[in-house]
Amino acid sequence: MSQKILEALKAQGPELDRRYQAVKEKKLNLDMTRGKPCSEQLDLANGLISNLGPNEYKAEDGTDCRNYGGVDGLPEAKRLFSEFLEVAPSEILIGDNSSLALMYECVALGLSHGVPGGAGPWSREKPKFLCPAPGYDRHFAICEHFGIEMISVDMTPDGPDMDKVEALVAEDASIKGIWIVPKYQNPTGITCSPRTVGRLSKMKTKAPDFRIFWDNAYAHHHLTDSPPRLENLLSAAKAEGNGDRVLVFGSTSKVSWAGSGVAMVGATEKNVGWLRGHRGKATIGPDKVSQLRHVKFFKDMDGVRAHMKKHQDILKPKFDKVIEIFEREMGGKGIATWTKPLGGYFISLDTLDGCAKAVVKMAADVGVKLTEAGGTHPYGKDPRDRNIRIAPSLPKLPEIEVAMEVVALCVARASLAKLSG
Ligand code: PLP
């Protein structure tokens, strides 16, 4: 098989080099590194800027949102965002704009003080986290920052490899957590199957204070009108008597504004009380005016869903363009595979083993910046050096077209170099 691929590439070698030189002369400057919303998407929520009148600063319970207080959120914001996260209003804490900051805070608190059900701070016993890979680089960065050992677990089409997860958590009490992006995972686009959710809710963990960081960042970010259903992990775990192991995170970063949205944690009342208690030492209250603006803007989940449809209309052609170019340039050549996600922000490209770093460098050398190869794995080390995360949301369609043609060209050249030895 490799021999056949090599022969085909060899025949195209001079043409690939000629095209690469031609691209170099264009002096491109395209950035496909991060999954940021584009300005057209941000514009969709511009109503937030002016939707409160000069005297509209009171919440429904009379709270003056301009003042201190309300450490876990306004009642009307809890009502809307508990539906957004699929938890009860008593099972939510609303923070400021970043769910990543809330994840960081929960990890930091686990290390410094411990979590309910544990015997003390995690830092006493050299904690470890399971890291499904490929996965979200910033989750791995949090672990690295705190010196938490990361154990890589493969992603399967159903979510993390549950045979491995169950075996590891059953025997090692120092494994304190797992990162999971359950819907439209970053970067694979995979949604955890009902069986995976069931197994996570039931599995025996040696650590009584184990936590699943269920980062549902893309819960409502569909690229299809018939999205896959994600089972509710918190409900399933509560039914098994394991509710405290689940921390659900979400935000409106890619619903309203990434820099000025609303972030939240959903969890059992015990866990919410734990976080509220600690947060009360760190802040006298989050940005309640932003919460009020968001409730007024979206009104209810129908409002959120209608809004997300507008995001879909902007994003879908961009994802389609990436896939169209990949199929046209690399389809049937045996040099790469790629995902066709039903939602979320990323396409995951797998090259032949040992080619991803070379592709990213080759593309950067002609002005197309991609996410660093290896970034989707713990410690920045992709053991097969094959995964590249493609983020199509920010650039415009013509830029995506050019950038993806360059990526495909670089994949072909890197494959030729690799197979030629
Ligand atoms: N979680 C995942 C899986 C993400 O991909 C991102 C952003 O790319 C975030 C969290 C960031 O969330 P927030 O903006 O709420 O901090």
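**From a buried helix to the ligand**

The buried residues of helix α11 are covered by elements including α3 (47-50), α4 (75-85), β2 (92-94) and α12 (301-330). Cover here rests on contact, meaning heavy atoms within 4.5 Å. Helices (H or I, at least four residues) and strands (E, at least two) are DSSP runs, numbered from the N terminus. This is a predicted model, in which local features need pLDDT of at least 70 and side-chain atom pairs count only at pLDDT 80 or more, while totals for chains, interfaces and linings use all residues. Residues are numbered from 1 along each chain as its sequence is written, and side-chain values use heavy atoms, with hydrogens and water left out.

Helix α11 spans residues 288-298. Its buried residues are Lys288, Ser290, Gln291, Leu292, His294, Val295 and Phe298. Buried means under 20% relative accessible area, exposed over 50%, and partly exposed in between (1.4 Å probe, protein chains only). An α-helix has 3.6 residues a turn, so residues three or four places apart point the same way. At the start of α11, a side-chain oxygen of Asp287 comes within 3.2 Å of the backbone nitrogen of Val289. After the helix comes Lys299, with a positive phi near 70°.

Next, strand β3. It covers residues 128-133, and six of the six are buried, so the strand is largely enclosed by the rest of the structure. In a regular strand the side chains alternate between the two faces of the sheet. Lys128, Leu130 and Pro132 point one way from β3, and Phe129, Cys131 and Ala133 the other way. β3 pairs with strand β4 (residues 149-156) in the parallel sense, over six bridges. Pairing requires that DSSP find at least two bridges between two strands. Lys128 has Glu149 in β4 as its bridge partner.

Now the ligand. The residues around it are Ser98, Ser99, Leu100, Tyr136, Val181, Asn186, Asp215, Ala217, Tyr218, Ser251, Ser253 and Lys254. Ser253 sits in the loop between β8 (246-251) and β9 (263-266). Ser253 is buried, at a relative accessible area of 16%. Not counting residues up to four places away in sequence, Ser253 touches Pro37, Asn97 and Ala258.

Taken alone, the ligand exposes 400 Å², and the protein buries 88% of that (Shrake-Rupley method, 1.4 Å probe).

How values were computed:
Near = heavy atom within 4 Å. Polar contact = N/O pair within 3.5 Å; in protein donor to acceptor, adjacent residues only side chain to side chain.
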